[in-house]
Amino acid sequence: MDQELIRQRELFKKRALAQPTVEKRKIKSSDDSDRSAKRHRPSKPPREPKSSSFDYKTSQGNSQKFSILTKIVRFMKQRHQDSDTYPLTIDEILDETNQLDIGNKNKHWLITEALLDNPKIKIVHEDGEEKYKFKPKFDIKDRKALLNLLKKYDLHGDGGLLQEDVEESVPHAQQALKRLGDNIIYITRPNDKKKVLFYNDKYCQFNVDEDFVKLWRGVSVEGQDERKIEEYLDKQGISTMQDVGLKKVAPIQKRKKKGGKRTFKKLNEHLDGVLQDYGELKASKT
């Protein structure tokens with residue numbers, strides 16, 4: 001290689017190394033800034049699943065909506081207790097409760113959610129319109145129906161009816177209960193002090209000697225369990241009724257078959273002595 005060219009090449013390298021260079025910085029685009037912001041953005045907490053039952057008291061804008069619904073339910077209940085059991089349209093209900101100014105949004109909410117899901121309101125389709133009526137605990141129209149229901153509960157051993165449910169279901173309930181008189185027995189529950197109504201079956205009534213009543217009421221069994229009561233009766237020579245229920249019979253276990261040689265059925269035994277072997281004849285011909 002020519003020496004002059006080598007010398008020029010070396011000089012070019014020295015000048016290139018001696019010359020300062022400025023590095024051009026890369027400008028971040030708006031997309032890169034958005035990506036970095038998304039990386040450092042705190043993650044949102046997972047949304048809780050919506051419950052199937054709508055809670056009017058805790059929902060947004062609850063105070064006005066709950067007030068509207070409460071006023072309607074109370075009005076429909078009072079109508080039922082006054083024997084006004086025919087259904088009403090939504091406009092008639094709002095007119096009777098002086099709530100025609102609630103707005104279309106709240107009216108739509110009543111039709112599509114509140115009255116539709118309310119357990120105390122029954123929807124009735126009448127004359128091509130959707131109407132509403134009160135839905136009581138029991139379908140009782142008068143005192144005779146109430147007495148029949150109490151008899152049915154007594155016959156099937158279902159207990160009694162809460163007085164508040166009866167007052168809600170029967171129109172003019174206080175008058176009906178007063179006319180039934182001694183056909184009903186009132187018992188106050190000790191846990192919540194609510195009154196329970198039972199049918200008074202007069203056929204089962206009989207007189208008990210006063211001495212037996214005093215003896216019965218004089219025996220205290222507080223703090224005594226059934227075992228101690230049974231032991232006391234045994235000492236006094238009184239036998240107690242034992243459980244005579246059907247005993248469970250243990251299932252019979254099947255015996256396992258002893259393992260051994262299995263015999264197989266021979267086939268074509270009826271052709272024994274009939275079949276012939278032609279192997280030897282074929283060999284002789286060849």
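A polar contact is a pair of N or O atoms within 3.5 Å; within protein, one atom must be able to donate a hydrogen and the other to accept it. The legends below describe close-up views of a predicted model.

**Figure 1. The side chain of N200 makes a polar contact with the backbone of D182.** The distance from the N200 side chain to the backbone oxygen of D182 is 2.8 Å, and this pair counts as a polar contact because the cut-off is 3.5 Å. N200 lies in the loop that runs between β5 (195–199) and α9 (210–218). Its relative accessibility is 12%, so N200 counts as buried. When residues up to four places away in sequence are set aside, N200 touches D182, N183, I184, I185 and Q205.

**Figure 2. Three strands form an open sheet in the order β3-β5-β4.** The pairing within this sheet is antiparallel. Strands β3 (161–162) and β4 (184–188) are the edges, each pairing on one side only. Between β3 and β5, which run antiparallel, there are two bridges. In this pair of strands, L162 stands opposite V196 of β5. Strands of a sheet pair through backbone hydrogen bonds, in either a parallel or an antiparallel manner.

**Figure 3. The largest nonpolar core contains 18 residues.** The members that touch the most other members are L69, I72, M76, L110, L115 and Y132. At least two residues of this core come from each of α3 (62–81), α4, α5 and β2 (129–134). Helix α3 gives the most, with six residues. In soluble globular proteins, nonpolar side chains tend to be buried together.

**Figure 4. Y132 is in contact with residues from several stretches of the sequence, including M76, P87 and I121.** Leaving aside residues up to four places away in sequence, Y132 also touches L88, T89, I90, I93, I111, L115, K122 and I123.

**Figure 5. A salt bridge joins D91 and K107.** The N to O distance between these side chains is 2.7 Å. The pair links distant parts of the chain, with D91 in helix α4 (residues 90–96) and K107 in helix α5 (residues 104–117), 16 residues apart. D91 has a relative accessible area of 40% and is therefore partly exposed. K107, at 25% relative accessibility, also counts as partly exposed. Side chains of opposite charge can pair when their charged atoms come close.

**Figure 6. Salt bridges also join R9 to E10 and D192 to R189.** In the pair of R9 and E10, the closest N and O atoms are 3.9 Å apart; this distance counts as a salt bridge because the cut-off is 4 Å. R9 is partly exposed, its relative accessible area being 47%. E10 is partly exposed as well, with a value of 36%. The side chains of D192 and R189 meet at 2.4 Å, N to O. The relative accessible area of D192 is 30%, which makes this residue partly exposed, and R189 is partly exposed at 30% relative accessibility. The salt bridges of the model come to six by this rule.

**Figure 7. S83 has a positive phi, and so does H172.** The phi of S83 is near 75°, a positive value in a residue other than glycine. S83 is located in the loop between α3 and α4 and is partly exposed, with 39% relative accessibility. For H172, which is not a glycine either, phi is about 50°. The loop that holds H172 lies between α7 (163–169) and α8 (173–180). At 39% relative accessibility, H172 counts as partly exposed.

**Figure 8. The protein as a whole has eleven helices and five strands.** This overview places the close-up views in their setting. Of the 286 residues, 20% count as buried. The protein exposes about 26,200 Å², of which carbon and sulfur atoms supply 51%. Among contacts between residues at least 6 apart in sequence, 53% join residues at least 24 apart.

How values were computed:
Residues numbered from 1 in each chain as written. Predicted model: local features only at pLDDT ≥ 70, side-chain atom pairs only at ≥ 80, totals over all residues. Heavy atoms only, no water. Buried < 20%, exposed > 50% of the residue type's maximum accessible area, 1.4 Å probe, protein only. Helix = DSSP H or I, 4+ residues; strand = E, 2+ residues; numbered from the N terminus. Core = buried A, V, L, I, M, F, W, Y, C linked by side-chain atoms within 4.5 Å. Contact = heavy atoms within 4.5 Å. Areas by Shrake-Rupley, 256 points an atom, 1.4 Å probe, with all protein chains shown as cover. Pairing = 2+ DSSP bridges.
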